[in-house]
Amino acid sequence: MKTRTLGNKDGLTVSAIGLGCMGMSEFYGAASEDEAIATIHQALDRGVTFIDTADVYGPFTNERLVGRALQGRREGVVLATKFGNVRTEDGRWLGLNGRPEYVRQACDASLKRLGVDHIDLYYQHRVDRQVPIEETVGAMAELVRAGKVRHLGLSEAAPATIRRAHATHPITALQTEYSLWTRDPEDQVLPTVRELGIGFVAYSPLGRGFLTGRFRSAADFGEGDYRVTHPRMSGENLAQNVALADRVRALAATKQVTAGQLALAWVMAQGDDIVPIPGTTKRRHLDENLASAEVALTADDLARLSAAFPRDVAAGQRYAESGMKSVNG
């Protein structure tokens, strides 16, 4: 597995493709815990060193699952988790919290669930606009000094927030949605993090699986899969976006790769400072995703992709209104 480095100051070296673990516990329908752990183990065997989770996934159960999977295999793993979205044990959403006392509490709770003595990359999952970012990052910096956290990150933060945070303590990585159908970061976010020497972690690089071509109608989503209510995967938007995904499949066929591999290769081709973290709950999909690291795209390939999938062409917002309110904070 090739590697990439997140951040210029005390850079964090990770596998060129990471593994997002969210779907192993929630949001994408039922998943087998045994298969999920086997998938994490296979990822490690294949050279993946970058594992991503969050306290909110489950809630809380995903960190416990990842912790069990890493028992006896912690060495060499760059373990990332997040705080800031507050939920109860029964799954209710209580909003955002970036207060310093909560930062400390959340970190201690994550360390306990993961069963580790430190977190390699600790993100603020969503910016709490009610708390100055300097106060939140200041508390995160205390965790670094205490040895509980090695590197700091932000998720879905606006350029001005990123600058203020980075001035408080070096930010190693920004995590934001980025894919063929979500290219908003190219306007201001990517230029900002590149100017500051911050790495970029692309979540949902496969458009929550949609760009693989698996979903063509509401019937293709399993029971309990929240994607069926996603603006881009429901109503009139679905048919329009299926046509776009078909274009990716057609181009992928000309290169003898899958649509998912082409979509991931496109993300990786946007810069060596970008690390995608596609999620999967099955080993066979993991191997397909990892093979994308070997897909070389020419300038002609990239031009054809841009023509087939123009920027901002996707129908629908990337989140429902409630979700959009918490991004670009």
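Me: How are H4 and H5 oriented to each other, parallel or oblique?
Reply: In this predicted model, H4 and H5 pack at an angle of about 40°, with their axes 9 Å apart. Angles under 35 degrees count as roughly parallel and 65 to 115 as roughly perpendicular, and H4 and H5 are therefore oblique to each other.

Me: What is the handedness of the crossing of H4 and H5?
Reply: The crossing of H4 and H5 is right-handed.

Me: Which residues meet there?
Reply: From H4, the residues are Ile133, Glu134, Val137 and Gly138, and they meet Thr161, Arg164, Ala165 and Thr168 of H5. By class, this contact of H4 with H5 has 3 nonpolar, 3 polar and 2 charged residues.

Me: Thr161 interests me. Is it buried or exposed?
Reply: Thr161, which lies in helix H5, counts as buried at 11% relative accessibility.

Me: What does Thr161 contact, leaving aside its neighbours in sequence?
Reply: Beyond the neighbours within four places in sequence, Thr161 is in contact with Val127, Ile133 and Gly329. Ile133 also belongs to the H4 residues that meet H5.

Me: And how far is Thr161 from His125?
Reply: Their C-alpha atoms are separated by 13 Å, and the two residues are 36 residues apart along the chain.

Me: Back to H4. How does H3 pack against it?
Reply: Helix H3 (residues 100–114) packs on helix H4 (residues 133–145) at an angle of about 40°, and their axes are 8 Å apart. That makes H3 oblique to H4. H3 passes H4 in a right-handed crossing.

Me: Which side chains or residues of H3 and H4 meet?
Reply: Pro100, Val103, Arg104 and Cys107 are the H3 residues, and they meet Glu135, Thr136, Ala139, Met140, Glu142 and Leu143 in H4. The contact of H3 with H4 has 6 nonpolar, 1 polar and 3 charged residues by class.

Me: Next, H1 and H2. At what angle do their axes cross?
Reply: The axes of helix H1 (residues 33–45) and helix H2 (residues 61–69) cross at roughly 55° and come within 9 Å. That makes H1 oblique to H2. The crossing in which H1 passes H2 is right-handed.

Me: What makes the contact of H1 and H2?
Reply: On H1 the contact is made by Glu33, Ala36, Ile37, Ile40 and His41, and on H2 by Leu65, Val66, Arg68 and Ala69. The residues of this contact divide into 6 nonpolar, 1 polar and 2 charged.

Me: What does Asp52 touch?
Reply: Not counting residues up to four places away in sequence, Asp52 touches Leu19, Gly20, Cys21, Tyr57, Ala80, Lys82, Tyr123, Gln175 and Ile277. The C-alpha atoms of Asp52 and Cys21 are separated by 6.0 Å, although the residues are 31 residues apart along the chain.

Me: New topic: H7. Why does its length agree with what a helix should span?
Reply: At 1.5 Å a residue, the 20 residues of helix H7 (residues 235–254) should span 28 Å, and the end C-alpha atoms are 31 Å apart, which agrees.

Me: Which residues of H7 are buried, and what covers them?
Reply: The buried residues of H7 are Leu238, Asn241, Val242, Leu244, Ala245, Val248, Leu251 and Ala252. What covers them includes helix H8 (259–268) and helix H10 (299–308).

How values were computed. Residues are numbered from 1 along each chain as its sequence is written. This is a predicted model: local features need pLDDT of at least 70, side-chain atom pairs count only at pLDDT 80 or more; totals for chains, interfaces and linings use all residues. Side-chain values use heavy atoms; hydrogens and water are left out. Axes are lines fitted to C-alpha atoms, for helices over the stretch in contact, and angles run from 0 to 180 degrees between N-to-C directions. Helices (H or I, at least four residues) and strands (E, at least two) are DSSP runs, numbered from the N terminus. Angles under 35 degrees count as roughly parallel, over 145 as roughly antiparallel, 65 to 115 as roughly perpendicular and the rest as oblique. A crossing is left-handed if the near helix is turned anticlockwise from the far one by less than a right angle, and right-handed if clockwise. Contact means heavy atoms within 4.5 Å. Ala, Val, Leu, Ile, Met, Phe, Trp, Tyr, Cys and Pro count as nonpolar, Asp, Glu, Lys and Arg as charged, and the others, Gly among them, as polar. The expected span of a helix is 1.5 Å times one less than its number of residues. Buried means under 20% relative accessible area, exposed over 50%, partly exposed in between (1.4 Å probe, protein chains only).
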